[in-house]
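Colleague: I am new to this structure and would like to learn how to read its main features. Could you take me through them one at a time?

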Amino acid sequence: MGAMFRSEEMALCQLFIQPEAAYTSVSELGEAGSVQFRDLNPDVNAFQRKFVNEVRRCDEMERKLRYIEAEVHKDKVNVPAVKDMPRAPNPREIIDLEAHLEKTENEILELSHNAVNLKQNYLELTELKHVLEKTEAFFAAQEEIGMDSLNKSIISDEAGQQVATRGRLGFVAGVVQRERVPAFERMLWRISRGNVFLKRAELDKPLEDPNTGNEIYKTVFVAFFQGEQLKSRIKKVCTGFHASLYPCPPSNTERLDMVKGVRTRLEDLNMVLNQTQDHRQRVLVSVAKELGSWSIMVRKMKAIYHTLNLFNMDVTNKCLIGECWVPTADLPNVQKALVDGSNACGSSIPSFLNSIETDEVPPTFNRTNKFTRGFQTLIDAYGVASYRECNPALYTIITFPFLFAVMFGDFGHSLIMAVFGLWMVVKEASLAAKKSNNEIWNIFFAGRYIILLMGCFSMYTGLVYNDIFSKSMNIFGSAWFNPYDNETLERNEAFTLDPKASYTAENKIIFLNSYKMKLSIIFGVIHMMFGVCMSVVNYNFFKHRYSIFLEFLPQIIFLFLLFAYMVFMMFYKWVAYSTLATGLCAVSVDSVHQHDVVLEYGTRGRLQGVHVRGPGGRYKRAFVLVALCCIPVMLLGKPLYLLCAAKKKYDKPQSNGSVNQGIEMQEQTDIEQQPAPKPASGGHDHDDEPFSEIMIHQGIHTIEYVLSTISHTASYLRLWALSLAHAELSEVLWNMVFQLGLKDHNWVGGIKLYVAFMVWSLFTLVFLVMMEGLSAFLHTLRLHWVEFMSKFYAGLGYIFQPFCFKTILEQEDED
């Protein structure tokens, strides 16, 4: 838990690695995932770095893997999941892997090329078979009519007698795609001026495109013509429309013999195709078993060489130097990784790690697990914590689901949410293995523990509110003593959430309105005061203890005397006024608080004709005066203190001891008096700024705090508003939907009850659980980001992004 209290301490380190051990050492560091490397060659082009050739080799291997993977998925071969994550291959294994990928790619390319050729031949033979079969029907129909009609001219009357003496008609046969047939017919009619006789027949079954594998629908045609010139034109049109022409003998006997031969060749070719497909399937199945491991190994290799391009060579070109941020708790793991990397390659010179001092602000690293990761993500979405700043995620684990539960207080709806979150937690291993691309589902799954806690906390507040699907239940019995009869109880406005009173109360919403409003103010003031108190932790850690007296104390006193006093008055009203008291009447706390602020009443004042009993007027006046006096302290305290501290620093006498203070001695003194590197202040340090900048910043901060105490307190009323809206919407849905099925007591009522229950269940899930849950979630997020974290959280850091193979692989899988 201490690791989550603030970000981990970081160290800037230098790595000195021998070139022969660089690959294995970086590989071990990638497996450890504990270092964030810095680029020591920012001015060098990516194509001019030392290991650019190795990166290109990895890119080429990735291209081959993508082709192999595409072919595997094309044949719908299952790729098994990788159980044991392979390590990055050593340099010798890289050569073998590269050769194996080259061989596999060439083999699959050859198989694919042969399969395409065989399918192309099979398609051509199939089309030829259909052409022969369809033309046989054409010629058989014409022989019945008589072949004399084919000898008649089909051109214009002027040239009819000349053409009739030229003999029989010629013809061409082929197939064309079905969607091109109308345009094909029009083009033939235009080029021949209507002197082409076209017969066509559609194929019943689609054919397979050998290149894409898609289904294509084609039509067989036979075009009769006269003359070689017209034949040439028809062939050009067929070429333009990508129509395939096939030889068709004019003799019936020759056509039958040709059909038999084509069918025999189709049977032989079909057998060869099946054998080729079986061989291809065996090759792809064997490749698929190793495809996942190969892909991981290549991606690790590429990540290693990209990281090595961030290193720099020393002046002797015999050592690689790198810089990285390392959590101080992981320094032994990094040392061990360097030793293992040197031993893996057999290097005689060990690699070593050297910590260096720096003025740079280190990255922020909060170590999380699967439970705390979701809450930390909510905080980082607002802004990454400054280095070593107090981390609000630790407290958000409790405060976030609790404030959500205040707004979402219904036991029934919360039970649905808790069961959904529990299901995701129990099945998280199997659900995570599916790796869904649905963004909404991934958001829900990443926040499964948040959903579970929100559901559990809301179940508790639902029992406190005594709301179960908008209905009140006497689950635990009553501990309230009722001195009145039922008639008096029903007509009296002074009742509580006791089950006995809630059953018959007609003014339930009136009491809940006041009760939940007071609760929201109480929780809001406590939450804000806790946020202000958390600033003490930052002030103490960053050695700004003067801010505790000049900022924290005025802020907490101002907030306590004005708003914590109002909370006290709420409790005082509940305790001091009762139904048995005589002569006193409980009044609105807001009205009393307003009159207290303007200092109009004393120990026993009269407010609108009602006797008010409370703390003395002198105390109230003192509270307001002290709160007002805190404002100038917040405004001027820190700037004046820093101004005085700066004057004392510059007024210290120079300890030179020499009378002659020439130019050379003055330069030497300046060098000696350079300040030592200071630790990062987490965004809370303004000591080095000019006084005017400090004053402006402090003025903005003071105005913002004073105004925000009022606006933020009012903002917490959203707890009351959403809780009331959720309860009323649930009650309306019950009364106007579900009760419609409870009115009839015959068989028709059973049908109406079934329909009403289905509609009620659907609306409950969609509106009351999902939409109201999302609304309460967003309002709770706002209360933490603005009202709570603004009191102490700077959020000016940058995230620690270690070189980790696991993270790199997960990001590439998401992309």
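Modeller: Let us begin with strand pairing: five bridges join β1 to strand β11 (residues 352-356), and the two run antiparallel. Before going on, note that this is a predicted model, in which local features need pLDDT of at least 70 and side-chain atom pairs count only at pLDDT 80 or more, while totals for chains, interfaces and linings use all residues. Residues are numbered from 1 along each chain as its sequence is written, and side-chain values use heavy atoms, with hydrogens and water left out.

Colleague: What counts as a strand, and what counts as a pair of strands?

Modeller: Strands (E, at least two residues) and helices (H or I, at least four) are DSSP runs, numbered from the N terminus, and two strands pair if DSSP finds at least two bridges between them.

Colleague: Is strand β1 mostly covered or uncovered?

Modeller: A residue is called buried under 20% relative accessible area, exposed over 50%, and partly exposed in between, using a 1.4 Å probe and protein chains only. Strand β1 (residues 10-17) is mostly covered, with eight of its eight residues buried. M10, L12, Q14 and F16 point one way from the strand, whereas A11, C13, L15 and I17 point the other way, and all are buried.

Colleague: In what order do the four strands of the open sheet lie?

Modeller: The order is β4-β7-β3-β8, with antiparallel pairing. The edge strands, each pairing on one side only, are β4 (197-202) and β8 (244-246). From one strand to the next the twist averages 25°, where axes are lines fitted to C-alpha atoms, for helices over the stretch in contact, and angles run from 0 to 180 degrees between N-to-C directions. Strand β3 (residues 170-177) pairs with β8 over three bridges, and within that pairing A173 stands opposite Y246.

Colleague: Which strands of the sheet does helix α6 touch?

Modeller: Contact here means heavy atoms within 4.5 Å. Helix α6 (residues 181-192) packs on the sheet by touching β3, β4 and β7 (218-225), and its direction makes about 170° with that of β4. Helix α7 (residues 228-240) also packs on the sheet, touching β3, β7 and β8, with its direction at about 165° to that of β7.

Colleague: How should I read a salt bridge, and how many does the structure hold?

Modeller: Side chains of opposite charge can pair when their charged atoms come close. The criterion is a side-chain nitrogen of Lys or Arg within 4 Å of a carboxyl oxygen of Asp or Glu, and the structure holds 24 such bridges. One of them joins R63 to E105, with the closest N and O atoms 3.1 Å apart. This pair links distant parts of the chain, since R63 lies in helix α3 (residues 52-74) and E105 in helix α4 (residues 91-145), 42 residues apart. R63 counts as partly exposed because its relative accessibility is 33%, whereas E105, at 6%, counts as buried.

Colleague: Which residues are linked in a network of salt bridges?

Modeller: The network links E8, D330 and R367.

Colleague: Which residues touch the most other members of the largest nonpolar core?

Modeller: A nonpolar core is a set of buried Ala, Val, Leu, Ile, Met, Phe, Trp, Tyr and Cys residues joined through side-chain atoms within 4.5 Å. Of the 61 residues in the largest one, M454 and F777 touch the most other members. Helix α19 (residues 546-576) gives this core its largest share, twelve residues. Leaving aside its neighbours within four places in sequence, F777 is in contact with L378, F400, F404, I450 and M454. Apart from this core lies another, of 48 residues, among them L111, V298, C324 and L338.

Colleague: How many aromatic pairs does a search of the whole structure find?

Modeller: A pair of aromatic rings is described by the distance of the centres and the angle of the planes. Rings of Phe, Tyr and Trp (its six-membered ring) pair if their centres lie within 6.5 Å, and planes under 30 degrees apart count as stacked, over 60 as edge-to-face and the rest as tilted. The search finds 38 pairs. Among them is the edge-to-face pair of F420 and F444, at 6.2 Å centre to centre and 80° between the planes.
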